Amino acid sequence: MAAILALRALTKSFGAITIARDLNLEIQEGEAVGILGPNGAGKTTILALMTGALRPDNGSIEYEGLDIRGMSVEERCRLGMARAFQIPQPFGGMTVFENVMVAARHGAGLNAKEAQAISLELLERSGLLPFANLAAGKLTLLNRKRLELTRALATKPKVLLLDEIAGGLSQLESEDLINLILQVKESGVTIVWIEHVLHALLSVVSRTLVLYQGNFIADGDPHKVLADPKVSEIYMGIEVDG
Ligand SMILES: Nc1ncnc2c1ncn2[C@@H]1O[C@H](COP(=O)(O)OP(=O)(O)OP(=O)(O)O)[C@@H](O)[C@H]1O
């Protein structure tokens with residue numbers, strides 16, 4: 001079966017900093033994959049290459065077997081790739097409902113009626129319905145993160161890319177967010193998640209990669225990857241759980 005998302009000999013540098021060195025990766029439909037790596041390893045850059053916010057120096061990215069290298073963020077979003085950011089980026093002056101509507105209309109290309117239906121359904125699922133008419137800028141951090149996830153889901157993704165969304169939450173709040181992400185996973189959406197909050201990541205992903213100096217130095221069962229001496233050596237002295 002063709003991978004839903006693949007990196008083929010991907011290369012990317014910023015001056016002397018190499019982010020990806022002939023990087024290869026295949027992610028199958030329905031997989032939940034975590035990408036770890038020390039600060040500055042290039043995890044966010046890899047997600048940006050996947051979504052189209054950045055272009056590789058060389059190599060290609062395939063989505064459902066299609067070379068999407070030349071496609072914009074919007075084109076990739078229409079195909080089914082959505083990204084939720086580390087720092088939630090709602091339109092603060094618009095209501096929660098309007099924020100989700102924009103994603104459904106422009107991200108998924110739905111008409112007003114379809115967009116309204118999916119927006120209400122997703123707001124209900126994420127527990128945000130009581131805040132639907134509130135200005136998004138007034139939400140608490142947890143609710144802003146829920147909104148960020150809801151907006152990504154409103155684009156009807158087949159692949160959901162999560163960029164450190166568990167940071168800054170209490171234990172209870174992160175459990176809430178994890179439950180929401182688990183529901184998304186159970187619905188069959190493929191998840192690629194970069195996250196420093198390890199316990200959150202480990203409760204969702206079944207495969208973990210470690211990015212270091214332009215290469216994936218480990219790939220496999222998350223607990224085995226974390227027990228790998230190569231991985232512990234990299235993380236020595238670096239706080240990964242917090
Ligand atoms: N547009 C850019 N131009 C130049 N350098 C950049 C650019 N974007 C990122 N970098 C550099 O590339 C490196 C990787 O950054 P990136 O944010 O992808 O790492 P990361 O693994 O996500 O880090 P963190 O875990 O701290 O979020 C960093 O040294 C960063 O300063």
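Let's start where two helices meet: L142, K145, R146, L149 and L153 in helix 5 touch E173, D176, L177, L180 and V184 in helix 6. Sorted by class, the residues of this contact are 6 nonpolar, no polar and 4 charged. Keep in mind as you read that this is a predicted model.

How are these two helices arranged? Two packed helices are described by the angle between their axes and the distance between the axes. Here helix 5 and helix 6 (residues 171-186) pack at an angle of about 10°, and their axes are 10 Å apart. Angles under 35 degrees count as roughly parallel, and helix 5 and helix 6 are therefore roughly parallel to each other. An α-helix has 3.6 residues a turn, so residues three or four places apart point the same way.

**The sheet**

Now turn to the strands. Strands of a sheet pair through backbone hydrogen bonds, either parallel or antiparallel. In this model, 6 strands form an open sheet with mixed pairing, in the order 6-7-8-3-9-10. Strand 6 (81-84) and strand 10 are at the edges with a single partner strand each, so one side of each has no neighbour in the sheet. From one strand to the next, the twist averages 20°.

The table lists pairings that you can trace in the structure.

| Strand pair | Sense | Bridges |
|---|---|---|
| Strand 6 and strand 7 (residues 159-163) | parallel | 4 bridges |
| Strand 7 and strand 8 (residues 190-194) | parallel | 5 bridges |
| Strand 3 (residues 32-36) and strand 9 (residues 207-212) | parallel | 4 bridges |
| Strand 9 and strand 10 (residues 215-220) | antiparallel | 5 bridges |

Is strand 7 buried or exposed? 5 of its 5 residues are buried, so strand 7 is largely enclosed by the rest of the structure. In a regular strand the side chains alternate between the two faces of the sheet. Strand 7 is covered on both faces, with V159, L161 and D163 buried on one side and L160 and L162 buried on the other. D163 also stands opposite I194 in strand 8.

Further along the sheet, L36 has V210 in strand 9 as its bridge partner, and T208 stands opposite G220 in strand 10. Strand 9 and strand 10 form a hairpin with 2 residues between the strands, where Q213 takes a positive phi near 50°.

**Around the ligand**

Which residues are around the ligand? They are F14, I17, I19, G37, N39, G40, A41, G42, K43, T44 and T45. By class, this shell has 4 nonpolar, 6 polar and 1 charged residues. Strand 2 (17-27) and helix 1 (43-51) each supply at least two residues of the shell, and the largest share, 3 residues, comes from helix 1.

Buried residues in helix 1 are K43, T45, I46, L47, L49, M50 and T51. With 7 of its 9 residues buried, helix 1 is therefore largely enclosed by the rest of the structure. Just after helix 1, G52 takes a positive phi of about 100°.

Note on methods. Residues numbered from 1 in each chain as written. Predicted model: local features only at pLDDT ≥ 70, side-chain atom pairs only at ≥ 80, totals over all residues. Pairing = 2+ DSSP bridges. Axes fitted to C-alpha atoms, helices over the stretch in contact; angles between N-to-C directions. Near = placed C-beta within 6 Å. Nonpolar A, V, L, I, M, F, W, Y, C, P; charged D, E, K, R; others polar. Buried ≥ 20, exposed ≤ 12 C-beta atoms within 10 Å, placed from the backbone. Parallel < 35°, antiparallel > 145°, perpendicular 65-115°, else oblique. Contact = placed C-beta atoms within 7 Å.
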